Amino acid sequence: MPLRRRRCDYQQLTEFERYRVVGIREGGFSFRDVSERIGRNVSTVHDFWQQWSREGTASSRKGSGRPRGTAEREDRRVRRLSVAHRTASSAEFRAAVGNTVTQRTVTNHLLQGQLGAIRPVACILLTSNHCRLRREWCQASAHWRTEWRSVVFSDESRFCLGASDGRVLVRRRPGERLQPTCLRPRHV
């Protein structure tokens, strides 16, 4: 198997970040300090600094990979649609773009925007009566010792060996876990 060259992550740095790395690094800070300040990996900062030391320029070189299949405007549209329609699949977003891109490309663009497909949080819509009944059960079972052996909780994990189990996924950014649009109501 031929060796694959590691993708240059430092080419993902914006021009502002590049000059910021140079300024902070020339100020005597370590690679780890610089990476924490700009929010990038240590290896990204190190690789960029190697390029800066070698070539003396902060400009990014033209990549040798395949040209992009979508424009930045289409990428923003896909990300905007995914926030508006959180349960839509990548295939539906691909159809909405109207361009001849693959489903994997759409998924990659969503992941770049930190919009991964994740299971929604199952929240139980509890009424005041539900809360009262649960509290009474907890108070009645607080002194149990051996009775817990006969209690069975029904929250086992599902396993699917087939193609799809019909589970609906939600696209959300970090920190949006308990937003109302990312929740799935569950009945008791």
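**Helix packing and side-chain pairing**

In the predicted model, helix H4 (residues 72-84) packs with helix H5 (residues 90-97) at an angle of about 135 degrees, and their axes lie 10 Å apart. An angle of about 135 degrees makes H4 oblique to H5. The crossing in which H4 passes H5 is right-handed. On the side of H4, the contact is made by Glu74, Arg77, Val78, Leu81 and Ser82. The residues of H5 that take part are Phe93, Ala96 and Val97.

Charged side chains were examined next. The structure holds 2 salt bridges. One of them is formed by Arg40 and Glu17, whose closest N and O atoms are 3.0 Å apart. Arg40 lies in the loop between helix H2 (31-38) and helix H3 (42-55), whereas Glu17 belongs to helix H1 (residues 15-26), so this pair ties together parts that are 23 residues apart in sequence. The two partners also fall into separate classes of accessibility. Glu17 has a relative accessible area of 15% and is therefore buried, the limit for that class being under 20%. Arg40 has a relative accessibility of 28% and so counts as partly exposed.

Arg132 is partly exposed, with a relative accessible area of 36%. Glu136 is likewise partly exposed, its relative accessible area being 40%.

A disulfide is a covalent bond between the sulfur atoms of two cysteines. The structure holds 0 disulfides. Cys131 has a relative accessible area of 35%, which places this residue in the partly exposed class. Cys138 counts as partly exposed too, at 44% relative accessibility.

Definitions and conventions. Residues are numbered from 1 along each chain as its sequence is written. This is a predicted model: local features need pLDDT of at least 70, side-chain atom pairs count only at pLDDT 80 or more; totals for chains, interfaces and linings use all residues. Side-chain values use heavy atoms; hydrogens and water are left out. A salt bridge is a side-chain nitrogen of Lys or Arg within 4 Å of a carboxyl oxygen of Asp or Glu. Helices (H or I, at least four residues) and strands (E, at least two) are DSSP runs, numbered from the N terminus. Buried means under 20% relative accessible area, exposed over 50%, partly exposed in between (1.4 Å probe, protein chains only). A disulfide is a pair of cysteine sulfur atoms within 2.5 Å. Axes are lines fitted to C-alpha atoms, for helices over the stretch in contact, and angles run from 0 to 180 degrees between N-to-C directions. Angles under 35 degrees count as roughly parallel, over 145 as roughly antiparallel, 65 to 115 as roughly perpendicular and the rest as oblique. A crossing is left-handed if the near helix is turned anticlockwise from the far one by less than a right angle, and right-handed if clockwise. Contact means heavy atoms within 4.5 Å.
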